[in-house]
Amino acid sequence: MSTPNLDVRSARQAGELPLSPSLQAFADEAERLPTEELIVNMGPSHPAMHGTVRIVLRIDGETIRDADVQVGYLHRGFEKEAENTTYNQIFPYVDRLNYVSPMLNNVGFAMAVEKLLGITEQVPERAEYIRVIVGEIARVADHITCIVASLAELGGLSAFFYGIRAREHLWELLEDVSGARLTHSYCRVGGVAWDLTADFIPKCKSKLRKVRGLVGDVRKLVERNRIFLDRMEGVGVLPAADAIAYGVTGPCLRGSGIAYDVRKDKTYSVYDHFDFDVPIADGCDNLARYLVRVEEIDQSFRIVEQALVQIPPGPVIIDDPRYAMPSKREVYNSIEGMIAHFKHIMDGVKVPAGEAYSFTEAGNGELGFYIVSDGTGRPFKCRVRPPSFYTTAALRQMILGANIADIVPTFGSLNMIGGECDR
Amino acid sequence: MVDPSPLTPPPPGPPTQTPPPSSTAPIPVAFGPELGPVAAPAPAAPNVPAVPGPGDATVPITIDGETVVVRRGTNILEAIKSTGEEICYFCYHPGLTVAASCRQCLVDVEVRGRSMGKLQPACQIEVADEMVVRTKSPAVHKARREMLEFTLKNHPIDCPICDKAGECTLQRHYMAHDHNLTRVDVPKIRKPKVKDIGREIVLDAERCILCSRCVRFCEEIPKTAELGMVNRGDHEEIDVANGARLDNAYSMNVIDICPVGALTAKDFRFAIRTWELRETPTTCPGCATGCAVELHSKHERAYRVIPRLDPSVNGHWMCDEGRYTYKALDPELRLLQAQVSGKSSPLATAIAEAAAGLKGKKVAAVFSATATNEANAALASLADLVGAERYLLGRAEGKGDALLRDADKNPNLRGAYAAAGLQARHEGELALGLAGRAFQAVILLDCDAELSDVALRGLSEIHSVVLTDRRGPLSDACRVALPCASWAESLGTVTNRQGRLRVFQPAWRAEGDRQHAADHLRALVLALGGQDIGPSRAQTQRIAETHQDEALLALLREHEPPRPTLLRFGNSRG
């Protein structure tokens, strides 16, 4: 396991900058003025709150004395919706959970249903490889978005443009595969909707090269930037014990020094076929989370590169009309295919009564689906364990005693996605 | 004129002594000739149900390793069904004789330790002592799957245009028992696609799987035997004889029992996809039989009425006439707002106007043999309050037969009689009274009878109040018309020819001014200074308690009427 380079010196550690005489006079005057605590609303209509979170702050000057983090502004009723929807119809809804990496949600949900059906072993290997490839591409897109959006909020708009250009390359890849840039709905119970495009592998390789370059550019832009380091280092501290207590997973947990990654620790799909590392950083602060994400981008590239070499030929969805839709050729030319198609659309995949919890490593950590079936084609109950709900819960502790301006990089480093946090 | 004083005893509720609460009690002679004798109960089903009743001889048999005690004389198929297991069959129907032609219910049977050799059709074998049945052995699965493959071989690829799709037995069994893709690629046998074989029915011979349910139905229930099988092998098809038509009074039952979409109703063809419908268990308001039916509706529009099993009243069947009772629910035909002198008016104004005209006048109260017990009881309270002269009107007599159709086309003549306390009177009597200015005001419960011009003119000349759910000459003629909830919008009861309580359940909510007629009458009684007779629901509760109707009492315990089930979720039709 490799640890990322933490040997970065910030300007703050090098010593405070002296203020100009006029500013110093102003600061001295401010010290003498009487102050009182103030209640301030931050969000939900605030760009740094992503429009979906409201923080009621009790502030004393610039210092945060207390914070009430309120979620729920993007509630879509996903879990209730799922109860009236056939299993395959739920994929478009899970796209909109963590809408920055929909492919990973697709994979997680498909695996949960397969576990309940008991067909995990029968999913074709090619489908598993495709899921890994598109999932890791989505993870890279997720991390890049998190990093550069956070940088844009700190004023680093150039980095944002570099990052978004990189994401655009990744989205083009996913669009080639699924037909949609964002809401892919590409997975199905028992596999994926269709095979990779013929030129996917060379295209993917060239895109990865470009994205690597762009991510390197972003790093060069910020990692030795004093403003960036001042605002990231030592800010938003989440000690390891607290992170565990809050149920934080994913890059935020690994940024607190805990090497927990579902892909490694509870390995699933074909992740055991690849050589990759779980990066950790022990700074417990915004910078540590940034560094973990940057390193994970590299690790995801490693996985994709290996998968592109290893991927076997074969079918991409389970060959059983009970679980998978028949081909259009069968549907239009045989009554068996027609009935199977009809029943899939109208009744859905019949899942035996029971319950299952299945969890995967999504962009923000452990994404769990807990499904209860009553034997029909629609879940009796479908619960999501969204990783960012738990990280958002830890936000209050991370910003207490900090300045208001510290909320922006801290909240950004959590990568709260309203779609999955509120569901 | 009776001035209601505190000393006046409260108006009587619905009479609880007459009619007798259960059909087993004798019918009082006071009922008069027009009520007729209690007709024969539902057509006897030829197959014995598996669940034993009290006093039935039973036999224990073993099904898939589990011992179940079933009624002696039942068949293996019914015994398997009673365990809750789904069994695959097309030709068997509990209300018809056994054909054992589809070979879909083959099971492995062992009696007294000896196998019966070949697989046996479960529908045809009677249960016996020391019988062991296996429904899940590989041989059974194989037989079932191969039979389905044969059945599907010539079945057209019609699901997208088939009215049965979504409630099709073939679709259901394919997914549950076969789910293999086709192994052959040979042209399908072509047969007549749209064949008009009767007043109500279109035949698609290609879709037919030759289960012969419809043939047996026509032979056994209406005993008209119009249908038959012609040709042989895979050219075999259902047909009517040359020149004959499938025109009996019960012909549409073949549509319900058809496991596929071979027989479709002209009325329902391409009207709506079945999975969009919601089903409401209710009662047919077409005649005094009161068949148990399901009303299928979407939003506020009804699309069809199909029979629901009730062994004590109608068995599995209903008549063709009853299936068209839903036509009156068309929103275009309904009275949706209160009217005063032909103009729409707020409900409160209309009630006040109606009450003002009834107060201190010589009033006639017209009970209705088509209205619910609740409405008639409420009208009785009002009639007592204003000292009204009573009339009871109903629909004209129609055709009846010994099976299910009753010549009395009123769903509630017995109940209305009990509430009004008098026999049905001819419409002419009311017309005469109106023409002779015998009363100054009239209050009517609409009874679907076509009133004569004399009566309508009479109504338009005095203060007349009608409670109705439809627009028409009657609502136009009356000074005040109060919009009532239809039989598909309200919870209510009627008493059928056997004296049984039959229940209307709401398929959708009555919006706006539309209310249960009993609730309008309650408002009128209150406006006239009478005692509160309670909402219609309380009256239903009272009636249910009198009749000890457990199902209705359970329904009333629910806070709101249950939402009708979407057919798509029912998914157990066929």
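Analyst: **A strand of chain B and its setting**

Strand β6 (residues 131-134) of chain B is joined to β3(B) by 4 bridges, and the two strands run antiparallel. Here helices (H or I, at least four residues) and strands (E, at least two) are DSSP runs numbered from the N terminus, and two strands pair if DSSP finds at least two bridges between them. The model is a predicted one, in which local features need pLDDT of at least 70 and side-chain atom pairs count only at pLDDT 80 or more, while totals for chains, interfaces and linings use all residues. Residues are numbered from 1 along each chain as its sequence is written, with chains lettered from A and ligands numbered from 1 in the order in which they are written.

The hairpin of β3(B) and β4(B) has 2 residues between its strands, and Arg112(B) takes a positive phi near 50° in it. Most residues other than glycine have a negative phi.

Phe270(B), although not a glycine, has a positive phi of about 60° and is found in the loop between β11 (263-265) and β12 (278-283) of chain B. Because Phe270(B) has 9 C-beta neighbours inside 10 Å, it counts as exposed.

Chain B as a whole contains 16 helices and 24 strands. Of its 574 residues, 50% are buried. Two residues are in contact if their C-beta atoms, placed from the backbone, lie within 7 Å; among the contacts in chain B with a separation of 6 or more, 67% are between residues 24 or more positions apart.

The account now turns to the side of chain B that faces its partner. There, 16 residues of chain B are in contact with 15 residues of chain A. Helix α3 (residues 169-178) of chain B gives the most to this side, with 3 residues. The residues on this side of chain B comprise 8 nonpolar, 7 polar and 1 charged, where Ala, Val, Leu, Ile, Met, Phe, Trp, Tyr, Cys and Pro count as nonpolar, Asp, Glu, Lys and Arg as charged, and the others, Gly among them, as polar.

Just after α15(A), Gly348(A) takes a positive phi of about 80°.

Helix α18 (residues 404-414) of chain A is likewise mostly covered, with 9 of its 11 residues buried, including Ile407(A), Val408(A) and Phe411(A). Asn415(A) follows α18(A) and has a positive phi near 55°. Asn415(A) lies in the loop between α18 and α19 (418-421) of chain A, and because it has 29 C-beta neighbours inside 10 Å, it counts as buried.

Chain A also holds an open sheet of 3 strands in the order β1-β2-β3, with antiparallel pairing. Its edge strands, β1 (38-42) and β3 (63-70) of chain A, each pair on one side only. Strand β2 (residues 54-60) of chain A is joined to β3(A) by 7 bridges, and Ile55(A) has Val69(A) as its bridge partner in β3(A).

Overall, the secondary structure of chain A comes to 19 helices and 8 strands. Of its 423 residues, 51% count as buried.

How values were computed: Buried ≥ 20, exposed ≤ 12 C-beta atoms within 10 Å, placed from the backbone.
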